[in-house]
Amino acid sequence: MNVYIYPDAQTLAVAAAALLAGAVIEKPDAVLGLATGSTPVPTYRELARLNKAGAVSFAKARTFNLDEYAGLAPDHPQSYRRFMNEQLFDHIDIDPANTHVPSGFAGDAEAADYDVQIAAAGGVDVQLLGIGHDGHIGFNEPDDTFSRTTHRVELTDITRQANARFFDSVDEVPTHAVTMGIGTIMQAKRILMIATGRDKAETVRAMLRGPVSPRMPASVLALHRDVTVMLDAEAASLR
Ligand code: PGA
């Protein structure tokens with residue numbers, strides 16, 4: 001694992017966007033694994049800026065997002081499909097047909113088919129990840145075992161509380177989601193984790209110091225051969 005520390009979240013965003021854009025410059029039809037949440041928003045803004053400046057084109061790129069809330073239609077204001085359109089896809093030259101977000105209505109078979117689609121695209125070249133306060137990646141919450149393929153999960157109270165800020169109240173946060181499995185994520189050729197803010201410092205410390213355990217899902221990244229972790233000074237403060 002290569003860990004890089006930046007003075008602030010905006011500098012980190014420039015570095016993260018440079019890494020992602022670089023992958024697409026080198027391989028125009030690269031497959032990017034993308035994440036939602038607050039952390040990647042400045043990175044997406046920077047990618048849009050690079051695209052507008054003509055520094056990188058996403059015309060041939062393909063994307064697969066980590067997860068979606070169960071029961072939310074793609075056009076629901078809080079759906080992750082809508083989030084991705086508004087935060088990134090509407091601002092770059094990507095073909096919408098090449099962008100993939102799991103269906104929030106997927107049963108087990110359709111969810112597992114997401115992994116088949118990723119494999120058919122040649123696998124994820126770079127997977128962008130945030131980290132939840134409980135150590136989740138995608139919506140893989142602390143558990144007794146590491147999950148394998150894309151599947152339906154129940155969200156923890158911590159996660160629902162953390163995401164309530166996007167909804168009118170915590171009661172409106174869906175109780176379930178569909179997420180890539182830990183196995184899906186670990187198959188990406190390269191992983192870029194980004195974490196910012198003091199509230200992530202303890203989780204980052206637990207992830208980096210181990211032990212590898214499904215109780216701290218992000219700890220599994222220690223077993224991947226090509227992981228870049230980008231932290232701002234606050235998220236790195238307890239490291
Ligand atoms: P956040 O979410 O970027 O909004 O903190 C991260 C996550 O839950 O993976």
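Visitor: Which residues surround the ligand?
Guide: This is a predicted model, so to speak of contacts is to speak of computed ones. The ligand is surrounded by Gly 37, Ser 38, Thr 39, Gly 130, Ile 131, Gly 132, His 136, Arg 165 and Lys 200.

Visitor: How does that shell divide into nonpolar, polar and charged?
Guide: One residue of the shell is nonpolar, six are polar and two are charged.

Visitor: What lies 2.6 Å from an oxygen atom of the ligand?
Guide: A polar side-chain atom of His 136 does. A polar side-chain atom of Lys 200 also lies 2.6 Å from a ligand oxygen.

Visitor: And where is the polar side-chain atom of Arg 165?
Guide: That atom of Arg 165 lies 3.0 Å from an oxygen atom of the ligand.

Visitor: How much of the ligand's accessible area does the protein cover?
Guide: On its own, the ligand has 280 Å² of accessible area. The protein covers 84% of that.

Visitor: Which pocket is the space taken by the ligand?
Guide: The largest pocket. Its volume is about 480 Å³.

Visitor: How many residues line the largest pocket, and which lie nearest its centre?
Guide: The lining has 27 residues. Nearest the centre are Gly 37, Ser 38, Ile 131, His 136 and Lys 200.

Visitor: Which elements give two or more residues to that lining?
Guide: They are β4 (67-69) and α5 (157-163). The largest share, four residues, comes from α5.

Visitor: How many of the lining residues are nonpolar, polar or charged?
Guide: In the largest pocket, eleven are nonpolar, twelve are polar and four are charged.

Visitor: New topic. What volume does the second largest pocket have?
Guide: About 150 Å³.

Visitor: Which elements give it two or more residues?
Guide: Those are α4 (108-120) and α6 (182-186). With three residues, α4 gives the largest share.

Visitor: And how does that lining divide?
Guide: The second largest pocket has four nonpolar, five polar and two charged lining residues.

Visitor: Off the pockets now. Which residues does a cis peptide bond join?
Guide: Gly 210 and Pro 211. Omega there is about 0°.

Visitor: Where is Pro 211 found?
Guide: Pro 211 is in the loop between α7 (201-209) and β10 (227-232).

Key
Residues are numbered from 1 along each chain as its sequence is written. This is a predicted model: local features need pLDDT of at least 70, side-chain atom pairs count only at pLDDT 80 or more; totals for chains, interfaces and linings use all residues. Side-chain values use heavy atoms; hydrogens and water are left out. A residue is near a molecule or strand if one of its heavy atoms lies within 4 Å of it. A polar contact is a pair of N or O atoms within 3.5 Å; within protein, one must be able to donate a hydrogen and the other to accept it, and residues adjacent in sequence count only if both atoms are side-chain atoms. Accessible areas come from the Shrake-Rupley method with a 1.4 Å probe; for residues, only the protein chains shown count as cover. On a 1 Å grid over the protein atoms alone, a cavity is a set of points where a 1.4 Å probe fits but cannot get out, and a pocket is an open set with protein on both sides within 12 Å along at least five of seven lines; lining residues have an atom within 4 Å of a point. A molecule sits in a cavity or pocket if more than half of its atoms lie within 2 Å of its grid points. Ala, Val, Leu, Ile, Met, Phe, Trp, Tyr, Cys and Pro count as nonpolar, Asp, Glu, Lys and Arg as charged, and the others, Gly among them, as polar. Grid points are joined across faces, edges and corners, and a volume is the space filled by probe spheres set on the points.
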